[in-house]
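Here are my notes on this model, point by point. Please read them with the structure open.

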Amino acid sequence: MTSVMPVKEKKLMDVKLGELPSWILMRNFTPKGIVGAFQRGYYRFYNKYINVKKGSIAGINMVPAAYVLFSYCLSYKELKHQRRHKFH
Amino acid sequence: MLSRVVLSAAATAAPCLRNAAFLGPGVLQATRIFHTGQPRLAPLPPLPEYGGKVRLGLIPEEFFQFLYPKTGVTGPYMLGTGLILYFLSKEIYVITPETFSTISIVGLLVYVIKKYGASIGEFIDNLNEQKIAQLEEVKQASIKQIQDAIELEKAQQALVQKRHYLFDVQRNNIAMALEVTYRERLHKVYKEVKNRLDYHISVQNMMHRKEQEHMINWVEKHVVQSISAQQEKETIAKCIADLQLLAKKAQAQPVM
């Protein structure tokens, strides 16, 4: 696998599929790095959808939607018992 | 400055410190360099007008653009439909009584947002704009104040150039006052001197007059005294004889 740039500095979209494990392992897993990652993610979302002059409902809408999905995944175990068919 | 003096004094006192004296302050200043990079975000870039585009109120536009080259326009919708059917058929998504309440609530929300979203957005934008207008007013007021101060300063500086008029007028006034005082005093001196001289002249005149009168009186008195009684009678008789002669002569003439 010949790459012109070292794997570490590439963005996720430029990383080829085979290099993905090495790329993930090269990320910064120190506590400072993890906190930095959360901060970056938060500010990316904030600056794109909320910190604008004329924000739309989507900026506020995505948070409950993500929460709904997340809580559904968490409560899937109890919901499994309410299935109507036995075999799928 | 003083530290350099101290260091050079110390260097002359102890020759081993001479090299350190030359290095001292300069080295400290050379190793710390601040603000070498280009200043980013200055001046602050303005807020973007609209947020990232979103379809169906949930899914960002980038997802649709990501799938466009491979699947065209309907790709993501087909993907969504397929996923929903898959979840329903495999009962990964279980249909419970909550499903119907979810559907009603989501339907109500979508209706309300579609109907009143724009007006609520405008209302909030108005509030924002009022705040910004207030701040802008303050800024403009302060700018205007400073500009007025600048103009006042300039006007006063221009006045400074015209000070010499004031000084000329004052100088002229003082010169005139001096002239007037000088002439007044000159006149006074003249009057005083004339007064004294007049006094002497009048004294002289008076003496002259008195002497004359006195002399005349004295001469008259003596002449009157010198005429004795007899001489007076003779003189009077002679005068009468002369008058008679004259009268005869005068009478005689008109007859001729």
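1. How exposed is B:C239? At 43% relative accessibility, B:C239 is partly exposed. Buried means under 20% relative accessible area, exposed over 50%, and partly exposed in between, with a 1.4 Å probe and protein chains only. A:C73 is exposed, at 58%. The search over all chains finds zero disulfides; a disulfide is a pair of cysteine sulfur atoms within 2.5 Å.

2. Ground rules. This is a predicted model, where local features need pLDDT of at least 70, side-chain atom pairs count only at pLDDT 80 or more, and totals for chains, interfaces and linings use all residues. Residues are numbered from 1 along each chain as its sequence is written, chains are lettered from A and ligands numbered from 1 in the order in which they are written, and side-chain values use heavy atoms, with hydrogens and water left out.

3. Chain B, overall. Chain B has seven helices and two strands. Helices (H or I, at least four residues) and strands (E, at least two) are DSSP runs, numbered from the N terminus. The order from the N terminus is α-α-β-β-α-α-α-α-α. Chain B has 256 residues, and 5% of them count as buried. Its accessible surface is about 23800 Å², with 66% belonging to carbon and sulfur atoms. Areas come from the Shrake-Rupley method with a 1.4 Å probe; for residues, only the protein chains shown count as cover.

4. The annotated span. An unreviewed UniProt entry places a "coiled-coil region" at residues 124-152 of chain B. UniProt positions follow the numbering used here, feature names are shortened, and annotations may be inferred rather than shown by experiment. In the model this span is 100% helix and 0% strand. Its end C-alpha atoms lie 42 Å apart.

5. Aromatics in chain A. The structure holds nine aromatic pairs over all chains. Rings of Phe, Tyr and Trp (its six-membered ring) pair if their centres lie within 6.5 Å; planes under 30 degrees apart are stacked, over 60 edge-to-face, the rest tilted. A:Y42 and A:Y46 are stacked, because their centres are 5.8 Å apart and their planes meet at 15 degrees. Both lie in helix α2 (residues 31-50) of chain A, four residues apart, about one turn of the helix. A:Y42 is partly exposed at 48%, and A:Y46 is partly exposed at 28%. A:Y42, A:Y43 and A:Y46 form one aromatic cluster.

6. Aromatics in chain B. B:F63 and B:F64 pair edge-to-face, 6.3 Å centre to centre, with 85 degrees between the planes. B:F63 is partly exposed at 35%, whereas B:F64 is buried at 6%. The charged end of B:R55 sits over the ring of B:F64, 4.3 Å from its centre. That term requires NZ of Lys or CZ of Arg within 6 Å of the ring centre and within 35 degrees of the ring normal.
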